[in-house]
Amino acid sequence: MPFIDSKITMSVSKEKRDVIKAELGKAVSILGKPESFLMVGFEDNYNLYMGGEELEKGAYVEVSLFGNASSEAYNKMTAEICRIYEKELSIPGRAIYVTYHGVKDWGWDGRNF
């Protein structure tokens, strides 16, 4: 039950959101999770500052998942997220922060896993 939420500094078209969503759907297997349970969210035109400076192109990507994955898997996922956002939105990896949150209790469809 992963959720990947992105805060992005620029406008992102529906077409680009769909492409990124599909790419994240493939990438989530790195964490041992199926795309069939993946939820993806986008918040564009978000104000982000790094080192005291406003980013023209930047992203904060938060990955929440039921349970945890290994540090190696998180490292591979970060590389893949950065690759996707750089390819699709021209955001350099140095302007992308990725965080991971393992969740012990996760509810869906009227019950908890």
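Let me start with a term: a residue is buried when its relative accessible area is under 20%, exposed when over 50%, and partly exposed in between, using a 1.4 Å probe and protein chains only. By that cut-off, 38% of the 113 residues in the protein are buried.

A word on what you see above. This is a predicted model, where local features need pLDDT of at least 70, side-chain atom pairs count only at pLDDT 80 or more, and totals for chains, interfaces and linings use all residues. Residues are numbered from 1 along each chain as its sequence is written, and side-chain values use heavy atoms, with hydrogens and water left out.

Now the fold. The protein has 2 helices and 8 strands. These are DSSP runs, numbered from the N terminus: helices are H or I with at least four residues, strands are E with at least two. Along the sequence, the order is β-α-β-β-β-β-α-β-β-β. The radius of gyration is 14 Å, close to the 13 Å that the globule rule gives for 113 residues, so the protein is as compact as a globular protein of that length. That radius is taken over C-alpha atoms, and the rule is 2.2 Å times the number of residues to the power 0.38. Along the principal axes, the C-alpha atoms fill a box of roughly 40 × 30 × 20 Å.

Next, strand S1, residues 3–8. How many of its residues are buried? The count is 5 of 6, so to speak mostly covered. S1 runs parallel to strand S2, residues 39–43, with 5 bridges joining them. Strands pair if DSSP finds at least two bridges between them. Phe-3 has Met-39 in S2 as its bridge partner.
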